[in-house]
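Here is a short briefing to read alongside the model. Please have your viewer open and follow the points one topic at a time.

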Amino acid sequence: MTAGVQGHARASARAAAPLSAARRTTSDELIPRNILFGNPENVSPILSPDGKYLAYLAPSPGGVMNVFVRDLERSAALNGDDPKKHDRMITDEPKRAIRSVAWAYDSETIFYMNDDDGDENFHLFAVDAIGVQEGDPIPRARDLTPGENVKAQNIVTNYRFPDQVLVGTNERDPKVFDMYRIFYKTGEKFLDTMNPGDVVGWKTEDVSFEVRAATVRNSEDSSTTIRIRMSSDLVEGSPDDVEWKDVFHFPYVEEGGLINFCADGGRTGYLTSSLGRETTALLRVDLETGETLEELYVNEKCNVGGVTLEKDTKELRALTYNYARTERVFFDKGLEEDYAFLKSAAPDPEAEISVASRSLDESKWVISYFRSDGPTSYVVYDKPAQTVTPLFVSNPKLLPFKFAPMEDVRITAHDGLELVAYLTRSVTEGPSPLILLVHGGPWARDYWGFNPQAQWFANRGYSTLQVNYRGSTGYGKNFLHKGDKQWGVGDMQHDLTTAVKWAIAEGIANADNICIYGGSYGGYACLAGLTFTPEVYKCGVDIVGPSNIKTLLDSIPDYWAPLRNGMLLKIGDVDSDEEFNRKISPLFHVDKISAPLLIGQGANDPRVKQAEADQIAFSMQEKGIPVEYVLYPDEGHGFARPENRIDFNGRVEQFLAKHLGGRAEDFVEVEGSTARFPLLEKEGSLAK
């Protein structure tokens, strides 16, 4: 037995000792998994444009998230009666939760999207929202983008054209998305703008509702170009005759994109750009010449985030940036006063404020108060009356429990780079077992806020550390590209190891009781951690993580083809350099794994195919390395169905308790879960 394994054994004995309730950061009782990971009760509230109705997502009687609609005038007259009793369910998805909802500008129709068992071929549906009365049958939703293997995206609506919606689909060519104009009440659909083969995104100009901007990705050098065409009102001939012009160019290492057109016929617009600077700035630019007319804002530490414009004049009202927490810069005094009033009405001074929805005339707003130690609460803001009325809480079942606050911390990497990280402690003082929870992407980032996984871990006795390692987005171009060719054995993984060492040095983590846990790229980081730094981790949990980077890229969806070369530039050329692929792919280093591994995978994952989990799980099994593997045949890139989510997390909880020594709720088979066990099935077939 090696010294590291002996240390692990000692740590398990220590972790098994009872923990004083006074030191816990969360409730003394075990917070049930079905509350943490089951369906919320009220999410995604959105006002109809006329402000008369509220749509939101909630569980159907069958336990699937569907769309409900509330008549706000009627609910105001109920005199204390629960308004949810009178809300109408207007969709009836029987299995797959609806996760996004929007109103059409007729204030009568709801749009939503859904896929089939996690295949990510999302279709756009329309359903009558207000023609249904209590007791009426649920209306039939209309699929506006039908077709096998068709994916819809880039949905655009416009209040000046309330009977239309622009939708990008790949029905003509699976690799690219053309824009179609759909008259959703009649179902008429017309090809509006054909993709020449290199466009990865589209923008419209509001007044004309014409597609007038295209984001182009060069498949050879992965540079980005913003292509513009002038309004058909400004040139002679038909709209189809208007030529496109390449106006803005961002080489591979730069970041930027068009935000919107200004209200001058679209001659000028708002652009983000890192050209000549480290982070993206917000600029006002000439869309014909490409000239910068005005630099409106730049933050030296992070990119510009969300931008709020006045809907008609397109005047800049506010923007956000987020280094560790969301912050705002106001350009509109009235809007600043609105936020100051909403801040004063917040249930918690630490809560972050977000506008979930506004009526078209902006007299009514739905506001979310987002906190790290409890569920999100929603209110209705009556702007003329300057009043705030509680609406609902996202998951009221969480309210009886105590949760841990999330701290934003700074960690210095080995080369001096500052890393923003988020810490959720399980105890108020002293070290505890640690879960290093690695975000996916990797070209994404972690944020401050309520994280069910981190709270679950804290309640079971494990502190959680989430790190925005180099290669994460939002921190400028150099931070992003310091992650290039740094997968697995490079600095991206070194940042994670540094974070663990920091937690140990700070007295937060027990050095012998560390688990690396993640999904997608985070799953890859788990596999890399167990293979390339096996001395650091006691165990690992990999969810939909790739094990062989070459086979990962060879099996990506067709519509990722324009992005593939950019992925090679960021990851490294695994196509032509077999040695490099073997160097960074955990599959080829299975012999180095000594810690137990739990794998979770969706059979329909279009990004990280089932083969990525199969090949490393079977290899570990053949070599006698401890591994458990759970496969869900009706899931994709993650576990959307609560039955499967709760089932997998129950298995994780037993796994962590066994190897890290924390608390665990009893495991009970979850009705409706589709869990399968390929390793056990293989053993069973061999035994016959």
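Which residue of strand 16 does T225 stand opposite? T225 stands opposite H249. Before going on, please note that this is a predicted model, in which local features need pLDDT of at least 70, side-chain atom pairs count only at pLDDT 80 or more, and totals for chains, interfaces and linings use all residues. Residues are numbered from 1 along each chain as its sequence is written, and side-chain values use heavy atoms, with hydrogens and water left out.

- Helices (H or I, at least four residues) and strands (E, at least two) are DSSP runs, numbered from the N terminus.
- Strand 15 (residues 224-228) runs antiparallel to strand 16, and five bridges join them.

- A second topic is the open sheet of three strands, ordered 21-22-23 with antiparallel pairing.
- Its edges are strand 21 (304-309) and strand 23 (326-330), each of which pairs on one side only.
- Four bridges link strand 21 to strand 22 (residues 316-322) in the antiparallel sense, and V307 has L319 in strand 22 as its bridge partner.
- Helix 4 (residues 333-344) packs on this sheet, touching strand 21, strand 22 and strand 23, and its direction makes about 145 degrees with that of strand 23.
- Axes are lines fitted to C-alpha atoms, for helices over the stretch in contact, and angles run from 0 to 180 degrees between N-to-C directions.

**Helix 7 and helix 8**

- The axes of helix 7 (residues 491-505) and helix 8 (residues 521-532) come within 11 Å and cross at roughly 75 degrees.
- That makes helix 7 roughly perpendicular to helix 8 (the term covers 65 to 115 degrees).
- M492, Q493 and L496 of helix 7 meet Y521, A525, A528 and G529 of helix 8, where contact means heavy atoms within 4.5 Å.

**N395 in its loop**

- N395 lies in the loop between strand 27 (387-393) and strand 28 (406-412).
- With a relative accessible area of 5%, N395 is buried (under 20%, using a 1.4 Å probe and protein chains only).
- The side chain of N395 reaches the backbone oxygen of I35 at 3.2 Å.
- Leaving aside neighbours within four places in sequence, N395 is in contact with I35, N39, P40, E41 and P375.

Key. Pairing = 2+ DSSP bridges. Buried < 20%, exposed > 50% of the residue type's maximum accessible area, 1.4 Å probe, protein only. Polar contact = N/O pair within 3.5 Å; in protein donor to acceptor, adjacent residues only side chain to side chain. Parallel < 35°, antiparallel > 145°, perpendicular 65-115°, else oblique.
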